[in-house]
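Hi everyone, thanks for coming. Let me put the structure up on the screen, and then I'll walk you through it.

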Amino acid sequence: MTKYEAVIGLEVHVELRTKTKAFCPCPNEFGSEPNSNVCPICLAMPGTLPVLNKSLLEYGIKAGLAMNCQIAHYCKFDRKNYFYPDLPKAYQNSQYDFPLCRNGYLDVEVDGYVRRVGINRIHMEEDAGKLLHGEGDADYSLVDLNRGTVPLLEIVTEPDIRTPEEARLFLENLKQILQYLDVSDCKMEEGSLRCDANISLRPAGSNVLNTKVEIKNMNSFKAVQHALESEIARQTKLYESGGKAVQETRAWDEDTGKTSVMRAKETASDYRYFPDPDLVPVVLDDEMINKIREELPELPAARKQRFIEEYSLPPYDAGVLTSSRALADYYEECVKGYHDPKKVSNWVMVELLRLLNTNNVDIKDSKLTPSHLVEMLKMMDEGTISGKIAKTVFEEMFISGKRAAQIVEEKGLLQISDEDQLAAIIDELIAAHPEVVEDYRKGKKKALGFFVGQVMKQTRGKANPQIVNKLLLARL
Amino acid sequence: MEIFDLTAHELSDLLKKREITDIEITSAVLKRIQQIDGDVRAYVTITEENALNDARNVHERRNKGDALPPLAGIPMALKDNFCTKGVRTTCSSRMLEDFIPPYSATVVDKLLENSAVLLGKLNMDEFAMGSSTESSYFFPTHNPWDLDRVPGGSSGGSAAAVAAGEAIFALGSDTGGSIRQPAAFCGIVGMKPTYGLVSRNGVVAFASSMDQVGPLTKDVRDCALVLNAIAGHDPLDSTSVKRNVPDYTSFLTGEIKGKRIGVVREMLDDGLDPRVAEVFKNAVNKLEELGAVVDECSLPIAAAKSVPVYHIIAPAEASSNLARFDGVRYGFRAVPEKGKKYSLEEMYMKTRGEGFGPEVKRRIMMGTYVLSSGCYEKYYLKAAKVRTLIKKDFEQAFERFDVLITPTTPDLPFLMGEKVNPLDGYNSDKYTVPVNLAGLPAISIPCGFVEGLPVGMQIIAPAFREDSLFQVAYAFEQNTPYHKERPPIKRRASEEKAKGSDIND
């Protein structure tokens, strides 16, 4: 890949988590009984009319502002006409020539450099229902219209992306931002974030734009990266053998790791877009846009920078902790109650994230709350529990949601700092192992470790290590 | 006069005075339907039992001394493109032959809240596409003034029913003249309000940017009463406008001294039947006599371009609006022969091919064409731009005039089967179509007769100036006898022909 450079643009569809659907009062919920969230409007019964859900507009403006876009003072809805059983009106309400947002960008940190990816446009539209095809030879398909008219944003980038990795990182950034804005779950596996890619190759350093190929059917951010890698390899081969890419849509196959032709350009549909006469144009004034701008939360990039400065965290820590708004909120809640931000960072980043991941728990559902952690850290500082015991306590808090003090009491995990009690154990050990004492005195400093280990074993880890050390040194 | 010949306000007065009961009125009109609808064929569905029950309920409430609105107990009927909960709504199409909506149009709810009594659903051109009610899938409706002639369309069932005393009033929808033209043909009052004044929710869409609901009544006062009941903002229709609705009966003063009235020059052209022109001229003189200041006015673009612009925009919107009738969720679905199966595409094509009639298919095809890639700019976009110029034409005219007047139609009610070429039908809307493109209010009122056939005068006002329409229409009506005429329900054309052949023999 030194000879060719990839030119990549992405089209991302994001389902918005508004309470109700885009054009009717039905609940916008994932996973309900099929066809339970439907009404005459989203079933497109005769005579029904769509009415715009204002939250859709608000969410769209938020996303646009967060991606540095210009918000249109005038935008309108168009009809994209095509027949399919998952589309009851036989047209999708979308925005064709007057989208809500234009001309934005996202700065994506890649290994050692920043790639600015232009946002061509963000527009509002509606989702279609889902088809469930009968199995085997069945001559029927079923339609579930719960998802029909669920609001979507379509985000279209400029062809500014140059590598598959940049594409993946762009998507991760985008997801972070949308989650920070609390406008979408961005769950690719539930289909609330979907991504198509356009890619062409050109000689490195050139400015020409060659024929682009559209790739669909990618089900994760990694799949996007892999599909693009595979497509670069395929197109490279084409150009090297004197061939050319042709305009077509290709589908990514996760199992074979290859793309294959889905449809050629010739069979492209004519969607007969025209302005929807049932939905009046949206006119926005600066006052409304500015009000939403003022209400925007701190976004991931800014928050990361603040974490570095305010909490003196290494950039890596700050990056991990601000990767989601919920995690960053969690961290800051802890720091409010505890003086050492780095220590909190270690516990949250290492222990908490490990437990959340292995148990597949969302941080919002964590039984181990910031106050749990703060109490435990304070107990460590007071010498009530040792660092080692703390890990056990932490896990127990995570599982049961009990407070550290309660766990320590129930399980008898109080740290043993009583010098007499420890001295008795140590004296016994020294008496029982004269040869190790001998080794130590001959200069084998490791022998000290043997005694510490034995003390911990006998106290089941509860001995205060500083006191054990002090007592041992005095006796040896 | 018979009960069924009276107007809503006359019946309302009799009810108030206890000289008649709600049950008597509904029974009388139902009986009238029984007697003559075999000839007129205005109704697609008659809800006799419901009507009698509703009338009984109103009667009981009246006896208890409940305060009731003026339309209470008045039997009325609806064009069959208004969704009525539990009552089939067909749009006079095979596609919706058995469709029973689980909801009612907003205007239907409003009329029922006003305790009006629903008699049934009225015939129309299929999906409101046509000017004669001959494109109904079920049967054509006949003009009560001459059963050999069409009642106009597409709200032909509504106009015929009101004229014939088969309903005291009716609702219709008007996309290019579909209320005003049949009102003119049937000798009654028909109004298309300003776009956005009346909710379209629950009215099966033809061309959304022009469809508007309005009353068909026996006189202007009834028109004002019905508009009072149905006008106003509806949160279920984004295009309905938020503004206060006045009491339209307050504009029925009879006073039009100094009103500036413009006669649209281009609408007195060669295409106008000279007999209609004569009647219209007399009507203009009458208005002058009543103190109005009448002058000529010109709408050069609106008059010349409206028909082609309309026949691009309306089919374009229709092609998209009617795409939902695909056989998947409701309505007609084509079924393959035993042992055969349809693919999805075949099911779509057969369903739509068999479910829609020829006029609907023609407009869907035209609409699909003008929106298709390569044609959009040439046709749809251009038409949309010309539409803006048509609006400006009217705006300029209204700088000089309070209202504009035209004949409602260029010709008299034509014979059934006479207009075979669809383009003839399209031209019969040429005075009404510009009003829809501009979103303005207009009313058609009876202004005379030619050989026993009614002629209508159209009055057009600026947006939301229904008050002016009512002022002028009421003054004219109260000083002329035409609204008091009732049709003979006879086959005149064939009788005359028979007479003619007698003489020849």
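**Where the chains meet**

Let's start at the contact between the two chains: chain B brings 36 residues to it and chain A brings 25 residues. By contact I mean that the C-beta atoms of two residues, placed from the backbone, lie within 7 Å. On the side of chain B that touches chain A, the elements giving two or more residues are H9, helix H10 (344-355) and helix H11 (358-371) of chain B. Helices (H or I, at least four residues) and strands (E, at least two) are DSSP runs, numbered from the N terminus. H9(B) supplies the largest share of that side, three residues. By type, that side of chain B holds 19 nonpolar, ten polar and seven charged residues. Here Ala, Val, Leu, Ile, Met, Phe, Trp, Tyr, Cys and Pro count as nonpolar, Asp, Glu, Lys and Arg as charged, and the others, Gly among them, as polar.

A word on what you are looking at: this is a predicted model, in which local features need pLDDT of at least 70, side-chain atom pairs count only at pLDDT 80 or more, and totals for chains, interfaces and linings use all residues. Residues are numbered from 1 along each chain as its sequence is written, while chains are lettered from A and ligands numbered from 1 in the order in which they are written.

**The cores**

Which residues touch the most other members of the largest nonpolar core? They are Met76(B), Ala170(B) and Ile459(B), in a core of 156 residues. Helix H9 (residues 300-321) of chain B gives the most to this core, ten residues. Apart from it there is another core, of 67 residues, including Val12(A) and Met124(A). A nonpolar core is a set of buried Ala, Val, Leu, Ile, Met, Phe, Trp, Tyr and Cys residues joined through C-beta atoms within 7 Å. Buried means 20 or more other C-beta atoms within 10 Å of a residue's own, exposed means 12 or fewer, and partly exposed is in between, with C-beta atoms placed from the backbone.

If you leave out residues up to four places away in sequence, the residues that Met76(B) touches include Leu111(B), Val117(B), Phe169(B) and Ala170(B).

**Strands in chain B**

Now find strand S9 (residues 403-407) of chain B, where five of its five residues are buried. Both faces are covered, with Val403(B), Ile405(B) and Pro407(B) on one side and Leu404(B) and Thr406(B) on the other. Two strands pair if DSSP finds at least two bridges between them. S9(B) pairs in the parallel sense with strand S7 (residues 260-264) of chain B over three bridges, and there Val263(B) is the bridge partner of Ile405(B). With strand S11 (residues 453-460) of chain B, the pairing of S9(B) is antiparallel, over four bridges. Thr406(B) has Gln458(B) in S11(B) as its bridge partner.

S11(B) also pairs with S10(B), in the antiparallel sense over eight bridges. Those two strands form a hairpin with two residues between them, and Glu451(B) in the turn has a positive phi of about 50°. Strand S10 (residues 442-450) of chain B is mostly covered, with seven of its nine residues buried.

**Over to chain A**

Chain A has an open sheet of three strands in the order S5-S4-S15, with antiparallel pairing. Strand S5 (91-94) and strand S15 (274-275) of chain A are at the edges with a single partner strand each, so one side of each has no neighbour in the sheet. Four bridges join S5(A) to strand S4 (residues 78-81) of chain A, and Arg79(A) stands opposite Asn93(A).

Next, look at helix H11 (residues 404-411) of chain A, whose buried residues are Ala404(A), Ile407(A) and Val408(A). Seen down the axis of H11(A), these fall within an arc of 100° (taken from the directions from the helix axis to the C-beta atoms), so they line one face of the helix. They pack against helix H9 (370-381) and helix H10 (387-400) of chain A. Glu409(A) and Glu410(A) are exposed, on the face of H11(A) turned away from its buried side.

**Two serines to finish**

Most residues other than glycine have a negative phi, and most peptide bonds are trans. Ser312(A) has a positive phi, near 50°, and Ser115(B) has one near 65°. Which is buried and which is exposed? Ser312(A) is exposed, with 12 other C-beta atoms within 10 Å, whereas Ser115(B) is buried, with 21.
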